[in-house]
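Take a moment to look over the sequence and the three-dimensional picture together. The paragraphs that follow go through a few places, one after another.

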Amino acid sequence: MIKKDLCIIGSGPAGLTAAVYGARYKIDQVLIGNLDGGLMTTSHKICNYPGETEISGIDLALKMEQQVKSLEVDKITANVIDIIKSNDNFKVILSNSKEIEAKNIILATGTVHRHLGLENEERFLGKGISYCATCDAMFYRDKIVAVIGGSDSANTAALYLANVAKKVYQIYRKDKLRGETAWIDQIKKNDKIEVIYNAEIKKIEGAEKLESIIINENGVEKNLQIDGMFVEIGSQPDRTLIDKLNLETDSGSYIITKPDQSTSVDSVYAAGDITTNSDSFRQIITACSEGSIAAKSVFEKLQKD
Ligand code: NDP
């Protein structure tokens with residue numbers, strides 16, 4: 001059994017930043033994660049992170065991971081499969097069968113892609129349906145694709161896909177795209193992108209792979225022949241560890257956190273996309289901010305213990 005003062009779960013920007021601050025505070029900590037950078041690694045272009053005019057998600061993740069490494073943070077690549085509260089400590093059980101006994105937890109596990117919940121969606125995953133434009137765009141060179149959604153993820157996916165695909169339909173349920181104005185301006189100027197407003201996807205069709213979708217645009221049903229569909233309709237927290245720790249959440253399953261990133265359970269802190277903090281503005285910079293505050297809160301608590 002590994003014993004630690006702090007166990008940080010999740011190695012996205014929030015968890016990595018918590019680890020940087022934890023290391024600088026010399027907290028006896030361990031960082032658990034299986035994908036350094038988390039969802040950030042699916043961003044092809046990040047243009048709003050201070051100090052980086054333009055950088056890919058993978059490169060920014062690599063920089064953060066290298067900083068953590070340089071601070072000799074104890075890091076384990078694994079998933080957490082269970083957390084059990086025992087007396088004043090938490091027993092964290094990992095997918096590699098290791099167990100950690102920790103006095104404090106920072107939960108920074110982010111969110112997972114939301115699905116449409118339509119028939120054939122799971123069946124055609126990898127056969128025309130994707131949740132990551134950065135990962136899969138290259139399969140659609142000179143093909144016709146659709147992007148579902150009208151916020152930053154969908155907007156950036158449409159722009160990225162337009163670099164390779166012949167045609168990009170962006171299907172959005174309202175009449176005006178939202179998110180960063182800079183991306184929206186680029187979409188409007190891009191001849192390959194056709195935004196279909198006031199439209200909802202009703203059916204996904206195909207034999208062995210995705211072949212077409214039925215959309216309802218302003219009450220009229222239309223069939224679109226497409227080769228690929230990118231579902232970019234946001235993300236939501238995975239409840240598994242939230243439920244194991246019995247944390248209070250809002251109606252969207254986001255963990256209710258106080259300004260010091262503490263949660264409804266003593267000695268459990270949360271940071272990043274998984275929380276209600278930062279005015280629910282889920283950005284890399286806000287995840288980093290919450291990670292740093294969580295580490296500081298643990299440091300101050302340990303000093304009082
Ligand atoms: P968001 O929650 O911001 O947007 C989800 C989009 O999908 C909305 O347009 C929403 O519609 C639509 N949607 C949700 N559910 C459905 C459904 N069932 N059917 C059809 N459409 C649906 O998620 P994002 O992933 O875009 O962004 C998450 C966070 O990450 C945001 O804070 C965003 O700013 C940030 N981000 C920033 C980037 C940047 O470059 N700055 C890049 C990527 C993400 P509606 O608008 O009607 O709610």
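Predicted model: local features only at pLDDT ≥ 70, side-chain atom pairs only at ≥ 80, totals over all residues.

A helix, as the word is used here, is a DSSP run of at least four residues, and helices are numbered from the N terminus. Is Asn155 buried or exposed? With a relative accessible area of 0%, Asn155 is buried, since buried means under 20% relative accessible area. The side chain of Asn155 is joined to that of Gln170 by a polar contact of 2.9 Å.

From there we can turn to the ligand. There are 19 residues around the ligand, and those that come nearest are Asp152, Ser153, Tyr172, Lys174 and Glu180. The shell divides into four nonpolar, seven polar and eight charged residues. Some distances to oxygen atoms of the ligand can be given: a polar side-chain atom of Tyr172 lies 2.4 Å from one, a polar side-chain atom of Asp152 lies 2.6 Å from one, and for Gly150 it is a backbone N or O atom that lies 3.0 Å from one. On its own, the ligand has 910 Å² of accessible area, and the protein covers 77% of it.

Another helix, H2, runs over residues 57-70 and has 14 residues; from its first C-alpha to its last it reaches 20 Å, close to the 20 Å expected at 1.5 Å a residue. Which residues of H2 are buried? They are Gly57, Leu60, Ala61, Met64, Glu65 and Val68. Seen down the axis of H2, these buried residues fall within an arc of 135°, so they line one face of the helix. The spacing can be understood from a general rule: an α-helix has 3.6 residues a turn, so residues three or four places apart point the same way. On the other side of H2, Ile58, Lys69 and Ser70 are exposed.

Asn87, in the loop between strand E4 (80-86) and strand E5 (89-94), has a phi near 55°, which is a positive value in a residue other than glycine. Ser253, in the loop between helix H6 (240-245) and strand E17 (268-270), is not a glycine either, yet its phi is positive, at about 75°.

How values were computed: Residues numbered from 1 in each chain as written. Heavy atoms only, no water. Near = heavy atom within 4 Å. Polar contact = N/O pair within 3.5 Å; in protein donor to acceptor, adjacent residues only side chain to side chain. Areas by Shrake-Rupley, 256 points an atom, 1.4 Å probe, with all protein chains shown as cover. Nonpolar A, V, L, I, M, F, W, Y, C, P; charged D, E, K, R; others polar. Helix = DSSP H or I, 4+ residues; strand = E, 2+ residues; numbered from the N terminus. Expected span 1.5 Å × (residues − 1). Buried < 20%, exposed > 50% of the residue type's maximum accessible area, 1.4 Å probe, protein only. Arc of directions from axis to C-beta.
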